[in-house]
Amino acid sequence: MIRLVDFGGKGRHRFSPYAWRTKLALAHLGLDYETSEITFLDKSALAGVSDHTQAPVLILGGDVVTDSWEIALYMHATFPAKVPLFADDGQIAFAAYLNAWVPRVLYPIILPMIAVDVITKILPEEQTHYRKTREARLGCSLEEAALNRTALTQDLSAHLEPMRAVLAQSPFLNGTEPGYSDYILGALFLWIRGTSPFQPLCAHDPVAGWRARLFDRYSDLIMATDGYEW
Ligand SMILES: N[C@@H](CCC(=O)N[C@@H](CS)C(=O)NCC(=O)O)C(=O)O
């Protein structure tokens with residue numbers, strides 16, 4: 001049985017954007033798995049398994065795979081599927097670009113929008129750690145960062161313009177069916193859904209339509225966790 005080490009939050013809030021990539025990929029492949037969780041301060045679920053301190057980690061037999069991208073490649077190689085996570089090497093190359101682009105370009109836009117809400121979805125004993133580390137990263141308080149939400153939304157929207165061009169050609173980034181590229185971007189919106197009522201997309205934005213299609217496809221998985229619907 002596959003074991004996934006996820007990142008735990010308050011109640012049923014599960015918001016790690018990296019772990020969501022893996023959970024969407026597991027659902028895509030129709031794989032059953034059991035879950036254990038780490039948090040910022042409690043890594044005991046990984047004790048004796050790995051000295052890695054971040055989620056996700058995938059464990060299968062003697063294989064311990066860390067880092068969401070490595071996990072995606074491992075799953076792709078290990079579990080053949082009618083609709084694979086990557087249709088061909090070109091899709092692996094495209095997704096590798098997204099894997100590098102999203103955390104460097106989009107995460108720094110999203111974090112200041114929602115960090116003030118994320119802190120309310122983590123365990124009380126972790127909030128001091130979260131505030132200290134994120135405020136150091138943001139260079140201001142979580143509350144001050146959120147004041148800039150409108151400008152950040154415009155910035156995000158501009159960066160999503162190429163995605164709109166692709167979505168004008170096909171319902172998913174991957175084509176007619178979603179694939180790992182969709183999960184890299186989709187996980188970003190699951191990070192937001194799991195933490196913040198803030199809506200950074202207009203209802204008529206094609207990216208909002210794609211988000212709805214993706215969330216609908218995996219509604220059982222997503223609706224089993226707490227979040228804000230829009
Ligand atoms: N590059 C890693 C990043 C993983 C990561 O940053 N995970 C966060 C949750 S979103 C984490 O576990 N943080 C715990 C900590 O830093 O203590 C991946 O793709 O898996």
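1. Tyr33 is partly exposed, because 16 other C-beta atoms lie within 10 Å, and a residue counts as buried at 20 or more and as exposed at 12 or fewer. The model is predicted, which applies to every value in this note. Tyr33 sits in strand β2, residues 33–38. Leaving aside residues up to four places away in sequence, Tyr33 touches Met1, Ile2, Arg3, Leu4 and Leu26. Leu60 is 27 residues from Tyr33 along the chain, and their C-alpha atoms are separated by 9.6 Å.

2. Val64 belongs to strand β4, residues 63–66. Val64 also counts as partly exposed, because it has 15 C-beta neighbours inside 10 Å. The residues touched by Val64, not counting those up to four places away in sequence, are Val49, Ser50, Val57 and Ile59.

3. On the overall fold, the protein chain contains 10 helices and 4 strands. Their order along the sequence is β-α-β-β-β-α-α-α-α-α-α-α-α-α. Taking contacts between residues at least 6 apart in sequence, 74% join residues at least 24 apart.

4. On overall dimensions, the radius of gyration of the protein chain is 17 Å, which agrees with the value near 17 Å for a compact globule of 230 residues. The C-alpha trace spans about 45 × 45 × 30 Å along its principal axes. As for burial, 31% of the 230 residues count as buried.

5. The protein chain divides into domain 1, residues 2–78, and domain 2, residues 89–223. Their C-alpha centres lie 19 Å apart. To the contact between them, domain 1 contributes 17 residues and domain 2 contributes 21 residues. On the domain 1 side, the elements that give two or more residues are α1 (17–28) and α2 (68–78). Of these, α1 gives the most, with 7 residues. By residue class, this side of domain 1 comprises 10 nonpolar, 3 polar and 4 charged residues.

6. Which residues are around the ligand? They are Phe7, Ser16, Pro17, Tyr18, Phe40, Thr53, Gln54, Ala55, Pro56, Asp67, Ser68 and Trp69. The elements that give two or more residues to this shell are α1 and α2. Both helices are also named for the side of domain 1 that touches domain 2. The shell around the ligand divides into 7 nonpolar, 4 polar and 1 charged residues.

7. Helix α4 covers residues 127–138 and has 12 residues. From its first C-alpha to its last, α4 reaches 16 Å, close to the 16 Å expected at 1.5 Å a residue.

Notes. Residues are numbered from 1 along each chain as its sequence is written. This is a predicted model: local features need pLDDT of at least 70, side-chain atom pairs count only at pLDDT 80 or more; totals for chains, interfaces and linings use all residues. Domain bounds come from an automatic or database domain assignment. Two residues are in contact if their C-beta atoms, placed from the backbone, lie within 7 Å. Ala, Val, Leu, Ile, Met, Phe, Trp, Tyr, Cys and Pro count as nonpolar, Asp, Glu, Lys and Arg as charged, and the others, Gly among them, as polar. A residue is near a molecule or strand if its C-beta atom, placed from the backbone, lies within 6 Å of it. The expected span of a helix is 1.5 Å times one less than its number of residues. The radius of gyration is taken over C-alpha atoms; the globule rule is 2.2 Å times the number of residues to the power 0.38.
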